[in-house]
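Here is a short briefing on one protein chain. Look at the sequence and the model first, then read the points below.

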Amino acid sequence: MAFQKRRTNKRKRRVCVFCEEKTDIVDYKDVNKLKRFISERGKILPRRITGNCAKHQRTVTTSIKRSRHIALMPYVID
């Protein structure tokens, strides 16, 4: 029993969607694309869940906030 193998939880690393498509600009008017980065409660998902790089996560966050401000997206989902 002392020599049992430990299970390693190796997951496939998520790759940034915007780096794969080679796009630098995240458009705040593209609501369908931005919905992928919001939870069912209306919160912005973190990098470790979405797989975005830091640069694109910052742009996604600002574009979500911008689209919320001009009422393209809701702040809270009921």
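Asn52 touches Cys16, Val17, Phe18, Phe37, Arg47, Gln57 and Val60, leaving aside residues up to four places away in sequence. A contact here means heavy atoms within 4.5 Å. This is a predicted model: local features need pLDDT of at least 70, side-chain atom pairs count only at pLDDT 80 or more, and totals for chains, interfaces and linings use all residues. Residues are numbered from 1 along each chain as its sequence is written, and side-chain values use heavy atoms, with hydrogens and water left out.

**Two buried loop residues**

- Asn52 sits in the loop between α3 (47–50) and α4 (54–69).
- Asn52 counts as buried because its relative accessible area is 3%; buried means under 20%, exposed over 50%, and partly exposed in between (1.4 Å probe, protein chains only).
- Val26 lies in the loop between α1 (17–21) and α2 (31–34).
- Val26 is also buried, with a relative accessible area of 13%.
- The contacts of Val26 are Phe18, Leu34, Thr59, Val60 and Ser63, again not counting residues up to four places away in sequence.

**Exposed residues**

- Arg6 belongs to the segment before α1.
- Its relative accessible area is 80%, so Arg6 is exposed.
- Arg6 and Thr61 are 55 residues apart in sequence and 38 Å apart in space, C-alpha to C-alpha.
- Lys22 is in the loop between α1 and α2.
- Lys22 counts as exposed because its relative accessibility is 72%.
- The phi of Lys22 is near 60°, a positive value in a residue other than glycine.
- Ala71 is placed in the segment after α4.
- With a relative accessible area of 64%, Ala71 is exposed.
- Ala71 has a phi near 65°, which is positive in a residue other than glycine.
- From Val26 to Ala71 the separation is 45 residues in sequence and 17 Å in space, C-alpha to C-alpha.

**The largest pocket**

- What lines the largest pocket? Its lining residues are Lys12, Arg13, Arg14, Arg47, Arg48, Gly51, Asn52 and Cys53.
- On a 1 Å grid over the protein atoms alone, a pocket is an open set of points where a 1.4 Å probe fits, with protein on both sides within 12 Å along at least five of seven lines; lining residues have an atom within 4 Å of a point.
- By class, the lining has one nonpolar, two polar and five charged residues.
- Ala, Val, Leu, Ile, Met, Phe, Trp, Tyr, Cys and Pro count as nonpolar, Asp, Glu, Lys and Arg as charged, and the others, Gly among them, as polar.
- About 160 Å³ of space lies in the largest pocket, a volume being the space filled by probe spheres set on the grid points, which are joined across faces, edges and corners.

**The chain as a whole**

- The chain has four helices and zero strands; helices (H or I, at least four residues) and strands (E, at least two) are DSSP runs, numbered from the N terminus.
- The radius of gyration is 17 Å, whereas a compact globule of 78 residues would have one near 12 Å; the value is taken over C-alpha atoms, and the globule rule is 2.2 Å times the number of residues to the power 0.38.
- Along its principal axes, the C-alpha trace spans about 60 × 35 × 15 Å.
- Buried residues make up 28% of the 78 residues.
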